[in-house]
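Biologist: Could you take me through this model? I would like to begin with charge pairs and then move to other topics.

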Amino acid sequence: MSITHGIKKLGVIGAGQMGLGIAFVSAVHAKVPVLLHDRSSAQVKSGIALMDKLLAKDVAKGKLSQEAAKEARDRVTVVDSLKSFREADMVVEAVSENLALKQGIFRTLTADLSLNTILATNTSSISITKIAAATIPEGKSASDPEGKESTSRVVGLHFFNPVPVMKLVELIPAVQTSSETLDRARAFATACGKEVTTSQDVPGFVANALLMPFINEAIMCLEKGVATRDDIDKTLKLGMNHPMGPLQLADFIGLDTCLAIQQTLYTGTGDSKYRPSVLLERMVDAQWLGKKSGKGFYDYPSQ
């Protein structure tokens, strides 16, 4: 028996690549009205421009009619405050991989929104359980009925970049997450046109617990002079049939994101095999963040 997600209005926090992508698939495929918030007006402007570009591209390719594209665009509304999410049935947070930042947002959502609102995080590595604990109402404990109810509606909903293209969503329950929350989140991801896998709440979940050490090892090979940048990437592309090499992939993900996830794996497990590459740390220090900054392991001239 299929589960109805019951999401009549969605809130998305963050208008960057991930947040905008989540808003896009929610409006286009799930056909749900979306409230989009970002504290940066420049990021909102850039995100909306990207959405218009994606919709126009889908129309040009015959994937969407002009009418369907307009209807999807009209479903997305920019809001200037988290309080505007009071009408939302689910809110998806898609900000930087920073635990304190995410906890602060979830505390604010707890104070402003109904206990019936599902609170989802798009984190790709951080403990969902720690984020859920931030929703315990002030003056209450985890064992109080209010504490249990609030934390039970928190779930990990990890979309992959670029969201309109990548077919997977990784679903991660916190130890507090209710089965109803999990079922509704899964149903919503499916409505967005995604396949869903489930992971336990461990550092990196499945995807990044496998991917990031692989990328980190490739960076260490470069750091140690084992092989050149081009030979490392060529080896994986031609020898393993990967669509792009690990160094180019790191550039596309964002080196700051790669470092944040690798640090989460290292601190979360205490295992030295997850120690981030010194070269990766120095590149982030230099603000060489990959494609988004114009320079990483490769150069990306501004267009």
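**Salt bridges and other local features**

Modeller: Arg 73 and Asp 52 form a salt bridge, with the closest N and O atoms 3.0 Å apart. Arg 73 belongs to helix H3 (residues 66–74) and Asp 52 to helix H2, so the pair ties together parts that are 21 residues apart in sequence. Please keep in mind that this is a predicted model.

Biologist: Is Arg 73 buried or exposed, or in between?

Modeller: Arg 73 is partly exposed, its relative accessible area being 26%. Asp 52 is likewise classed as partly exposed, at 36% relative accessibility.

Biologist: How many salt bridges are there in the whole structure?

Modeller: A search of the whole structure gives 12 salt bridges. Side chains of opposite charge can pair when their charged atoms come close.

Biologist: Which residue meets Asp 112 in a salt bridge?

Modeller: The side chain of Asp 112 meets that of Lys 83, at 3.3 Å from N to O. Asp 112 is in helix H4 (residues 99–112), while Lys 83 is in the loop between strand E3 (76–78) and strand E4 (90–93), so this pair ties together parts that are 29 residues apart in sequence.

Biologist: And how accessible are Asp 112 and Lys 83?

Modeller: Asp 112 counts as buried, at 16% relative accessibility. Lys 83 counts as partly exposed, at 45%.

Biologist: What about Lys 140 and Glu 146?

Modeller: Their side chains form a salt bridge at 3.6 Å, N to O. Lys 140 is partly exposed, with a relative accessible area of 40%, and Glu 146 is partly exposed too, at 32%.

Biologist: Which residues are linked in a network of salt bridges?

Modeller: Glu 93, Glu 97 and Lys 102 are linked in such a network.

Biologist: Now the surface. Which residues gather in a patch of positive charge?

Modeller: The patch on the surface brings together Lys 53, Lys 57, Lys 61, Lys 63 and Lys 291.

Biologist: Where does Lys 53 lie, and is Lys 53 buried or exposed?

Modeller: Lys 53 lies in helix H2, which covers residues 41–60. Lys 53 is exposed, with a relative accessible area of 54%. Helix H2 also contributes Asp 52, the partner of Arg 73 in helix H3.

Biologist: Changing topic: how many disulfides does the structure hold?

Modeller: The structure holds zero disulfides. A disulfide is a covalent bond between the sulfur atoms of two cysteines.

Biologist: Which of the two is buried and which is partly exposed?

Modeller: Cys 258 counts as buried, at 1% relative accessibility. Cys 221 counts as partly exposed, at 29%.

Biologist: Next, the backbone. Where is there a cis peptide bond?

Modeller: The peptide bond from Asn 161 to Pro 162 is cis, its omega being near 0°. Pro 162 sits in the loop between strand E6 (154–159) and strand E7 (168–173). Most residues other than glycine have a negative phi, and most peptide bonds are trans.

Biologist: What is the phi of Lys 31?

Modeller: Lys 31 has a positive phi of about 55°, although it is not a glycine. Lys 31 is in the loop between helix H1 (17–28) and strand E2 (34–37). The residue is exposed, with a relative accessible area of 52%.

Biologist: And Gln 287, what is its phi?

Modeller: The phi of Gln 287 is near 65°, a positive value in a residue other than glycine. Gln 287 lies in the segment after helix H12 (278–285), and this residue is exposed, at a relative accessible area of 52%.

Biologist: Last one: how far apart are Asp 183 and Thr 4 in sequence and in space?

Modeller: Asp 183 and Thr 4 are 179 residues apart in sequence and 8.6 Å apart in space, C-alpha to C-alpha. Asp 183 is part of helix H7 (residues 179–191) and counts as partly exposed, at 29% relative accessibility.

Note on methods
Residues numbered from 1 in each chain as written. Predicted model: local features only at pLDDT ≥ 70, side-chain atom pairs only at ≥ 80, totals over all residues. Heavy atoms only, no water. Patch = residues over 30% accessible without salt bridge, like charges linked within 9 Å, V, L, I, M, F, W, Y side chains within 5 Å. Areas by Shrake-Rupley, 256 points an atom, 1.4 Å probe, with all protein chains shown as cover. Salt bridge = Lys/Arg side-chain N within 4 Å of Asp/Glu carboxyl O. Lys, Arg positive; Asp, Glu negative; His and termini not counted. Charge placed at Lys NZ, Arg CZ, Asp CG, Glu CD. Helix = DSSP H or I, 4+ residues; strand = E, 2+ residues; numbered from the N terminus. Buried < 20%, exposed > 50% of the residue type's maximum accessible area, 1.4 Å probe, protein only. Disulfide = S-S within 2.5 Å.
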